[in-house]
Structure formats: C-alpha cells, structure tokens
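Visitor: Hi, could you walk me through this one? I have the sequence and the model to look at.

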Amino acid sequence: MVGFDSVGPYLQSPPYFGALIGRYSNRIAAGKFSIGDKQYTLATNNGANHLHGGLVGFDKVIWTAAPITDSIPSLSLSYLSKDGEEGYPGNLQVQVIYSLTDDDGLRIQYEATTDQPTIVNLTNHSYFNLTGDTKQTIRQHLLQLNADGYTPVDKGLIPTGEIRPVAGTPFDFRTATAIGSRMDSVEGGYDHNYVLTNANGSLQKVATLTEPGSGRILEVWTTEPGIQFYSGNFLDGKFVNHTGTPVQLHTALCLETQHFPDSPNKKEFPSTLLEPGKKYVTETIYKISVAK
Ligand code: BGC
C-alpha cells in the first residue's frame, strides 16, 4: 500500500492515496449533469471536468469516526454532505464501515441516503504494489479481471459511451496477464473503467492481482458493475511514500470498484441516481493471501 506518514499531504490535490472517494468517483464531463429538467454544475478540478468529488471531495472532509464493538473489529465513518456541497443537490448522509474478515479481507460497506434526488458513486482509492517496495514498478504483476468489455475514453478521460469488447486488445485481462506486457501500447497506460461480466448487485470476485516474486495475491470482490484499473500513470515522484520513497510512474496501481465514470450523462450506463426514501448500499472486499 502507498500512503503518507502525516495528514498534510493528504489535503493536497491528487494522488488520493488510500482515499475514500465521493460523492462521485472518477469524472463527470464539464462538471454538468441533469436530473429531470434541472441542470446542476459541479466544481471542476481536472481540466474542464469534475474528478473524485471536486475541490474538497470526501477525501478531504472530516468524518465522524467510531469503533464498532462487535465480534469483528470495525470502524464506522459517517459524514453529512450538505445540500450544494461541490454543487451536488441534496443533503447526503453517508456511512462507511471498514471491517476485517476472518479470511484476511478488508470489507468496505458503503451506505447513503438523501433528502433530494442526487447522484452517488463511492469508492476506495488505495494504491497497491504487492512487491512491498515502491522502488519497483507494477509491470510484472499479473492481473486478471472478469471483464469482457471496457469503456473507451476521449482525451479528457471521459467515456465515449461505447462499451467495447476487450477481445483482441491490450485491455484483455480475462486471463492473468503481466500488466507491463502490453501497457506501452495504451497511450499513457491503463486508466479505464472495466465493465464487469455478470454483475448483478451480488458480491462477486472480479479481480485477482498476483506478484510472482513474492507470491502475494490480492483479490477484489464487489457488488459494483465496474472497476477502474489505473496503472499509476500520473505518479511522477512528487509524492513521497511513508517509507521515504518518491512514488514514481507505474510503481503502484488502483483497482477502484465503481459505477461507470460520467454515468449521469450516459443514459445507457447503469444509473447512479439516488432518490429520497431509497438507500445506496454497496460493498467491496480487498482480500490478501500468499500462493502456496
Ligand atoms: C483516475 C485517474 C486519476 C487518479 C487520481 C484515478 O481514479 O482514473 O485518471 O488521475 O485517479 O490520482
């Protein structure tokens, strides 16, 4: 995992090390969307677009933390995002519970309710390098993704709306493949939303990342329909890990479970609308093991 050893750097802009992202993970084109005939304008913080909740996203606000005294050690974080925050409509009450599973998983359960129709898409932005040494790149890691399709993007990394089959492209990770084997043929590296096969809202294993040298394995389980595979393309040594190592290009990656980027403007994508009286509920587990 990659992170800082003090709070200060977490308050800067990218790279969102280990962050809880909201209200909307990834991008919304031009920071604009409509619900019914009402148009909303969000803060733009990524060129012309809105990224990861805006200027002060959920990664930079103060959450109320409480331990849950249960048989399983858990931490509850809650936050009331006020109507109008970063341009979003509705008072959004959010609770995120982190707990350990008895098979070496970190379970993250997200819940939210609203008092006005709004949009929600929460994720976790942890970076991984399974060598345990961020001086090494993630090129040798083997990635397997249960995704037959992905959402191609324009120059600003906004999905075009198409769901394109991965077959025969460098985006095909249906069988475990070294990330570096085809990364250079993808401009800038991987930063794409994968459309998870057979996603139906139930908790399923969707990704397996293996580091052959150490035998470490990370499994990702989720109820979400998508996952952003981001190969650390904007890491440039500017941020120094808690180990004192500047985090360089492609030395850590993210597997962010999510609804698809820019869904509020893409009617063909699964909806991210949350209405009063309904509850947003999603779950993701990151599970670690070592090959025998
Ligand atoms: C996005 C990248 C972005 C990064 C921020 C990822 O989720 O897909 O485009 O640069 O977060 O660190």
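Visitor: What kind of model is it, and how are residues numbered?
Guide: This is a predicted model, where local features need pLDDT of at least 70, side-chain atom pairs count only at pLDDT 80 or more, and totals for chains, interfaces and linings use all residues. Residues are numbered from 1 along each chain as its sequence is written, and side-chain values use heavy atoms, with hydrogens and water left out.

Visitor: Back to Ala-30: what is its phi?
Guide: About 55°, a positive value although Ala-30 is not a glycine.

Visitor: Where is the cis peptide bond?
Guide: Gly-22 and Arg-23 are joined by it, with omega about -5°. Arg-23 sits in the loop between strand E1 (19-21) and strand E2 (27-28).

Visitor: Switching to the ligand, how far is its oxygen from the side chain of His-52?
Guide: An oxygen atom of the ligand is 2.9 Å from a side-chain N or O atom of His-52. For Asn-26, the corresponding distance to a ligand oxygen is 3.1 Å.

Visitor: What about Asp-191?
Guide: A polar side-chain atom of Asp-191 lies 2.4 Å from an oxygen atom of the ligand.

Methods. A polar contact is a pair of N or O atoms within 3.5 Å; within protein, one must be able to donate a hydrogen and the other to accept it, and residues adjacent in sequence count only if both atoms are side-chain atoms. Helices (H or I, at least four residues) and strands (E, at least two) are DSSP runs, numbered from the N terminus.
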